Amino acid sequence: MDKHRFNSATLKLKAQNRISVWAGDNSVVNNACLPKMPNPFCMIIKEDVYDILSVVGNVTDIYGFEIPFVLTGYFDKENLQFIIDDGLVHHNSESDRLEAVASNEMNKYASDFIKSAKVQENKVIAFGHTHPRVGGYYLNFSWGDIKGYIDAYEQNRNLFDNHNISMLACLITGGNFNFLFCNKEDTYRFDDVFVQKKNGDLIKLPAFGPDVSMVNNRQTKVR
């Protein structure tokens, strides 16, 4: 078996071993079983991007469909921070599909970003989507999600490796900003995710936790 296929198969086997509920591509990957990015690695989202992502999450909750997006930025090697400062959201409102499907505009945006990256820039790209509050497992990545990220990494691996681009994945659901770092070894979760305000302040965001609205409702009732 060649090295390319072996790596892909190994990554997918690791992901399959973390499935807690089996349902084909909709199988639930247990968040608790995902390996964690070591400290002090963290994810920082610029406020302008965060504001858009918050709107995207709200639209998903209201209308009940997944919305795909691509986020871009760079890796600060000195401080071990992944910085997200731009991106593209493009949902086909005429589509009757409930799952996230990347548009031609998004694919071109991602392809142009990857191909134009220079080694010294330490670029970052994140493929993401939202999950509506439907069913009991919307807070988790699905097997289909993880498999898709592995395939995307394998298909662009020469560019990622040779151009020094980091590939990430993002799931916005239940008020959580769930990010994964993807490489040829595994997929790792970020527990430290922040929004950076325009004045430079960092505010920590929920990640891989319970539904934010449910937690807030419980706190309100206790008071």
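Buried here means under 20% relative accessible area, exposed over 50%, and partly exposed in between, with a 1.4 Å probe and protein chains only. The model is predicted: local features need pLDDT of at least 70, side-chain atom pairs count only at pLDDT 80 or more, and totals for chains, interfaces and linings use all residues. Residues are numbered from 1 along each chain as its sequence is written, and side-chain values use heavy atoms, without hydrogens and water.

**Helix 4**
- Helices are DSSP runs (H or I, at least four residues), numbered from the N terminus.
- Helix 4 covers residues 143-155 and has 13 residues.
- Its buried residues are Trp143, Asp145, Ile146, Tyr149, Ile150, Ala152, Tyr153 and Glu154.

**Gly57**
- Gly57 sits in helix 2 (residues 47-63).
- Gly57 is buried, because its relative accessibility is 12%.
- Beyond its neighbours within four places in sequence, Gly57 is in contact (heavy atoms within 4.5 Å) with Thr130 and Ile172.
- His131 is 74 residues from Gly57 in sequence, yet their C-alpha atoms are 8.1 Å apart.

**Aromatic pairs**
- Rings of Phe, Tyr and Trp (its six-membered ring) pair if their centres lie within 6.5 Å; planes under 30 degrees apart count as stacked, over 60 as edge-to-face and the rest as tilted.
- That rule gives eleven aromatic pairs.
- Tyr63 and Phe65 are stacked, because their ring centres are 6.1 Å apart and their planes lie at 20°.
- Tyr63 is exposed at 58% relative accessible area, whereas Phe65 is buried at 18%.
- Phe75 and Phe82 form a tilted pair, 4.5 Å centre to centre with 35° between the planes.
- Phe75 is buried at 15%, and Phe82 is buried at 2%.
- One aromatic cluster holds Phe41, Phe75, Phe82, Phe181, Tyr188 and Phe190.

Conventions
Helices (H or I, at least four residues) and strands (E, at least two) are DSSP runs, numbered from the N terminus. The expected span of a helix is 1.5 Å times one less than its number of residues.
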